[in-house]
Amino acid sequence: TLLDQECINPMSYSSQLEDSGCDVSNDYAFDSLGIASDFHQSEHVDTSKCWLERVPPFNLCCNSKEESLTAPVQFLQHLLEIRKLSEGGILQADFTELENDSFTVFNSVSQLLDGLTIFYNSPKFPVSNFLTEAVCVLISLITDTKLSNHVLKKCFKKLEEFKKNLIQIILRNSNVNRFQALHAVSHTLVLLGRNNILRNSLISFLLSEVRQFAEQLLQAHQIQAMYDITQYENIFLLCMILEQLLQNETEESNISSSDYDGEEKIKFLKNLDQIILHLSDEFPLFSLYLWRVSVLLNSAQIQ
């Protein structure tokens with residue numbers, strides 16, 4: 001299990017982190033969160049024989065605010081395990097009944113997203129793998145063919161809000177030693193963007209933020225006004241996430257069908273050449289990122 005490894009030797013775990021100048025505290029808040037089973041490994045084993053053995057006991061000794069993540073993660077894990085067990089065995093569970101009473105699932109998803117937002121606003125180090133596990137469980141729930149309909153109807157708005165919050169956390173973070181924390185947020189956005197259901201809206205959000213900042217930077221440059229240096233430094237993370245998502249989409253669909261077609265794409269490309277032309281001398285790196293994103297957006301037409 002993920003948390004067992006961190007509880008056994010937390011010092012060796014923290015030594016694996018790259019030295020980014022961040023203040024690494026000795027408060028291992030997640031060490032007492034309880035046991036999180038490896039959801040993805042469960043896909044390759046006989047769950048009907050071992051799922052009961054992997055049910056983790058609740059650890060009630062944790063006093064940190066992050067302990068609220070444990071209960072919804074475990075509930076959603078067990079819900080998915082039960083659904084898997086009902087596929088091929090004698091027990092046939094009809095999960096369409098959840099359409100009539102999906103508040104419990106929605107409440108668990110909401111608690112999980114709120115807890116993740118609280119953590120990313122003020123993260124503690126070392127960042128536990130439990131956070132990645134929680135996001136993966138959430139994505140698995142959304143993509144499950146037997147559960148996705150009602151979950152999406154109830155939770156899609158909450159998920160959209162969560163993605164917007166993560167983007168704003170990246171843009172607004174002005175701490176001196178912020179890059180390790182922002183890397184954790186970026187990793188979560190990339191995980192969400194790899195999901196086909198969530199990818200297009202996330203790309204739209206990222207394109208919108210990058211376009212708005214580029215327009216503001218151009219306006220400030222033309223009138224020789226001050227611009228937000230912190231946002232300028234942080235915008236590169238959004239560009240890198242956007243580039244990675246567009247690149248993954250291109251590779252997965254072999255370019256031929258990967259043309260992301262949305263309103264934000266049209267807005268982004270509309271005056272992009274003029275923006276790059278005026279910013280290239282003063283902001284060459286940012287202009288290069290804008291150009292790379294535009295190439296990926298137009299990859300289908302170029303092909």
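Predicted model: local features only at pLDDT ≥ 70, side-chain atom pairs only at ≥ 80, totals over all residues.
## Overall architecture

The protein chain contains 14 helices and zero strands. Read from the N terminus, its elements accordingly run α-α-α-α-α-α-α-α-α-α-α-α-α-α.

Of the 303 residues in the protein chain, 50% count as buried. Where contacts join residues at least 6 apart in sequence, 81% of them link residues at least 24 apart.

## Helices α9 and α13

Helix α9 covers residues 196-222 and helix α13 covers residues 284-297; their axes come within 12 Å and cross at roughly 140 degrees. An angle over 145 degrees would count as roughly antiparallel, and α9 and α13 are therefore oblique to each other. Their crossing is left-handed.

On the α9 side, the contact is formed by Leu207, Val210, Phe213, Ala214 and Leu217, which meet Phe286, Leu290, Val293 and Leu297 of α13. Sorted by class, this contact of α9 with α13 comprises nine nonpolar residues, with no polar and no charged ones.

## Helices α11 and α13

Helix α13 also packs against α11, at an angle of about 135 degrees and with the two axes 11 Å apart. That angle makes α11 oblique to α13. The crossing of α11 and α13 is left-handed.

From α11, the residues Lys265, Phe268 and Leu269 take part, and from α13 the residues Leu290, Val293, Ser294 and Leu297. By class, the contact of α11 with α13 has five nonpolar residues, one polar residue and one charged residue.

## The buried face of α12

Helix α12, residues 272-279, has four residues listed as buried: Leu272, Ile275, Ile276 and Leu279. Viewed down the axis of α12, these buried residues fall within an arc of 95 degrees, so they line one face of the helix. An α-helix has 3.6 residues a turn, so residues three or four places apart point the same way.

The buried residues of α12 pack against α9, α11 (263-270) and α13. The face of α12 turned away from this buried side carries Asp273 and Leu277, both exposed.

## Helices α6 and α8

Helix α6 (residues 129-143) packs with α8 at an angle of about 20 degrees, their axes lying 10 Å apart. Angles under 35 degrees count as roughly parallel, and this description therefore applies to α6 and α8. The crossing of α6 and α8 is right-handed.

In this contact, Thr132, Val135 and Ile139 of α6 meet His187, Thr188, Leu191 and Leu192 of α8. The residues of the contact of α6 with α8 divide into four nonpolar and three polar, with no charged residue.

## Ala134 within α6

Ala134 is also part of helix α6. With a relative accessibility of 0%, Ala134 counts as buried.

When residues up to four places away in sequence are not counted, Ala134 touches Val73 and Leu112. The C-alpha atoms of Ala134 and Leu116 are separated by 8.7 Å, with the two residues 18 apart along the chain.

## Two loop residues

Arg178 is located in the loop between α7 (148-172) and α8 (179-193). The relative accessibility of Arg178 is 5%, and Arg178 therefore counts as buried. Apart from neighbours within four places in sequence, Arg178 is in contact with Asn173, Thr230, Glu233 and Asn234.

Gln224 lies in another loop, the one between α9 and α10 (229-252). Although Gln224 is not a glycine, its phi is positive, at about 55 degrees. At 66% relative accessibility, Gln224 counts as exposed, whereas Arg178 counts as buried.

Notes
Residues numbered from 1 in each chain as written. Heavy atoms only, no water. Axes fitted to C-alpha atoms, helices over the stretch in contact; angles between N-to-C directions. Parallel < 35°, antiparallel > 145°, perpendicular 65-115°, else oblique. Left-handed = near helix turned anticlockwise from the far one by under 90°. Contact = heavy atoms within 4.5 Å. Nonpolar A, V, L, I, M, F, W, Y, C, P; charged D, E, K, R; others polar. Buried < 20%, exposed > 50% of the residue type's maximum accessible area, 1.4 Å probe, protein only. Arc of directions from axis to C-beta.
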